[in-house]
Amino acid sequence: MGPTLPTLLTGHALEGELHRITFRYTDISQSRRSLAQAAWALSRNGIIRLTGVVSPNLVLTLNHEINELLKSLKIYQTSGILPDNIANTYLNTQEKLMLAGYKKLVNADKAVINTRFSRPDGRSGSDAGMIDIFHPEKLSSELDKTIQNCTQITLIRKLISLSTLKKVQAKCHNLYINEGVQDTRGFHCDGRALKFKSFVFLTDVKELEDGPYCYVKGTHRNSSAWDHTCKFNSMNNIDPCEFTQLGKNNALAMLATAGDMVISSQSGAHRGHPQGPDGHRRVLVTMYSPKKH
Ligand SMILES: [Fe+2]
């Protein structure tokens, strides 16, 4: 027996499953009962979708600010001249890494602009072409303000804490900019410790070609998929975080409209679906982990 993949739901089956884990942001922000229902769904499934978290105007503002950044990056890549708005950052390119290692990136004192590229050993899952910006709120006071308004940390922290019965804190913001990224990592978890991410969609993700975030509900807990994966991986010398035994499960492509938010337990099986060559996706991510005393 080799690795087995989940069935990616489509059409009405997908719509029905998504509907069951979708809540309106206005409801959860105004009613304790709705907030508790969303927290319960998150605890049970490992994932929920909130609609209408960010207004279309604010999405437009943030996208405009990102466009300015991308323009500056292009100038730097083509001329070597460093425009002012990205001068005070760590720039990681294929030619030169200024900062490496996840821990260092999370604790960086300035924004880090990472351009992902193919691995030298040719291994897949490189996210080649993706731009991953750590701490985008440190780029400017305008971005700081926009990002605080988009991520709604106070309420989301409350929701996750309610769902896990543990106090959590927002640790880090990232901006993921994916255009035609085809070499994405397969289903995996980010370890089994408590860790959540919220994803604010800044573009519509309506098709598989757009590269939706995909998730296997319930795998954040000790399910049979996890037990079988542990056994299979240890026998075959595979990293325990690669979810290799998902054959009997369904995966959900978390389709979203710009302004929606997905909240996900990172100990469940997840991946970004490979994009089509013209796929286009922008997501603002916040990572939550247990509060240190
Ligand atoms: Fe991951």
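**Entry 1: strands**

I looked up Phe134 and found that its bridge partner in S7 is Asn174. I note that this is a predicted model. I then checked the two strands themselves. S6 covers residues 131-134 and S7 covers residues 168-179. They pair in the antiparallel sense, over four bridges.

Next I asked myself: over how many bridges do S7 and S13 pair? I found eleven, again in the antiparallel sense. S13 runs over residues 280-290.

**Entry 2: two helices**

I turned to H4 (residues 56-79) and H6 (residues 141-151). Two packed helices are described by the angle between their axes and the distance between the axes, so I looked up both. The angle is about 140°, and the axes are 10 Å apart. Is the crossing of H4 and H6 left-handed or right-handed? I found it left-handed.

I listed the contact residues. H4 gives Leu58, Thr61, Leu62 and Glu65. H6 gives Glu142, Leu143, Thr146, Asn149 and Cys150. I sorted these residues into four nonpolar, three polar and two charged.

In soluble globular proteins, nonpolar side chains tend to be buried together.

I followed up Ile263. Leaving out residues up to four places away in sequence, I found that Ile263 touches Leu42, Ile47, Ile48, Ile156, Ile160, Phe196 and Ser198.

Note on methods:
Residues numbered from 1 in each chain as written. Predicted model: local features only at pLDDT ≥ 70, side-chain atom pairs only at ≥ 80, totals over all residues. Pairing = 2+ DSSP bridges. Axes fitted to C-alpha atoms, helices over the stretch in contact; angles between N-to-C directions. Left-handed = near helix turned anticlockwise from the far one by under 90°. Contact = placed C-beta atoms within 7 Å. Nonpolar A, V, L, I, M, F, W, Y, C, P; charged D, E, K, R; others polar.
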